[in-house]
Amino acid sequence: MSGLRYVYAICRPLEAPLQAQLTGVAGAPAKPLHHHGLVAVVSEVPEQDFTEDALRAHLEDLDWLAATARAHQGVIDALTVVTTPLPLRLATVFRDDSGVRSMIEAREEHFLRTLDRLSGRVEWGVKVYLESEGQESEPAAERPAPKAASGRDYLRQRRRQTRASEDLWQRAETFATALHEKLAAFAEDTRLHAPQNATLSGAAGRNVLNAAYLVPRDRSEEFVELVDRTKDDAPGLRVELTGPWAAYSFAGELPEEERA
């Protein structure tokens, strides 16, 4: 390799080889780099695109950023099939192999401890949305009201709409809280993320719950069934399940009991 080293993930030695034609960022093949009983999955990337200044410029290019993120995720997904990867951040780049080895040595204890904790486990994402305006499940109170005959009628209509909106949001929060408690009791660990901005995510509706759950791989089917049984429990709310993923949300922190 003569270019920079792009690192996707850290894992233990693979029991099965990577896909022969697995390509990563910039179309380069992903390869294992062994060191101290750990494996960094890396590929070579051109220096002109991945120096600090070049990356800063590329972050303004949404097409480039999206293509890089897809290639990065493709390697992580392939790794998740054959092992438990510890994903690194997008665009984690080193000058050469020795830089990657130095990184492994500096964080070896953390990597080993985290891999032990995540071994045989995957991440599932669950989001709850309050359906957006214009959908069939929208409450009548949120649809445009008839034109008010007077200022007093207008104020009454606004009060009714406000109360209906507050009641709907309270119902959504109550449902999301109960669902999270049920799923958290099943999962080994959880993370509550900030609700997604609809403008940025493009998802319809208002995000009420945005959570990640760490679940043993061999219990994933039970977890999926548990989520599926809740989907029709609250008209006007939408439950979305994503996964299984590599445990991104749990890779950089210790679980609550260890943090305590």
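This is a short tour of a predicted model, from the whole chain to a few side chains.

**Whole chain.** Colour by secondary structure: the chain has nine helices and nine strands. Of its 260 residues, 40% are buried. The accessible surface comes to about 14,600 Å², and carbon and sulfur atoms hold 50% of that area. Among contacts with a separation of 6 or more, 78% are between residues 24 or more positions apart.

**Thr84.** Select Thr84, in the loop between helix 3 (62–82) and strand 4 (86–87). Is this residue buried or exposed? Thr84 has a relative accessible area of 14% and counts as buried, because the cut-off is under 20%. Now show what surrounds Thr84: beyond its neighbours within four places in sequence, its contacts are Ile10, Cys11, Leu115, Leu118, Ser119 and Gly120. With Gly120, the side chain of Thr84 reaches the backbone nitrogen at 3.1 Å.

**Aromatic pairs.** The structure holds six aromatic pairs. Select Phe186 and Phe223: their ring centres are 5.9 Å apart and their planes stand at 45°, so the pair is tilted. Phe186 belongs to helix 6 (residues 151–186) and Phe223 to helix 8 (residues 220–228), so this pair ties together parts 37 residues apart in sequence.

Tyr213 sits in strand 8 (residues 206–216), and its pairing with Phe223 of helix 8 ties together parts ten residues apart in sequence. Tyr213 is buried, at 0% relative accessibility.

**Last stop.** Select Tyr6, Tyr8, Phe50 and Trp64, which form one aromatic cluster.

Notes
Residues numbered from 1 in each chain as written. Predicted model: local features only at pLDDT ≥ 70, side-chain atom pairs only at ≥ 80, totals over all residues. Heavy atoms only, no water. Helix = DSSP H or I, 4+ residues; strand = E, 2+ residues; numbered from the N terminus. Buried < 20%, exposed > 50% of the residue type's maximum accessible area, 1.4 Å probe, protein only. Contact = heavy atoms within 4.5 Å. Areas by Shrake-Rupley, 256 points an atom, 1.4 Å probe, with all protein chains shown as cover. Polar contact = N/O pair within 3.5 Å; in protein donor to acceptor, adjacent residues only side chain to side chain. Phe/Tyr/Trp six-rings, centres within 6.5 Å; stacked < 30°, edge-to-face > 60°.
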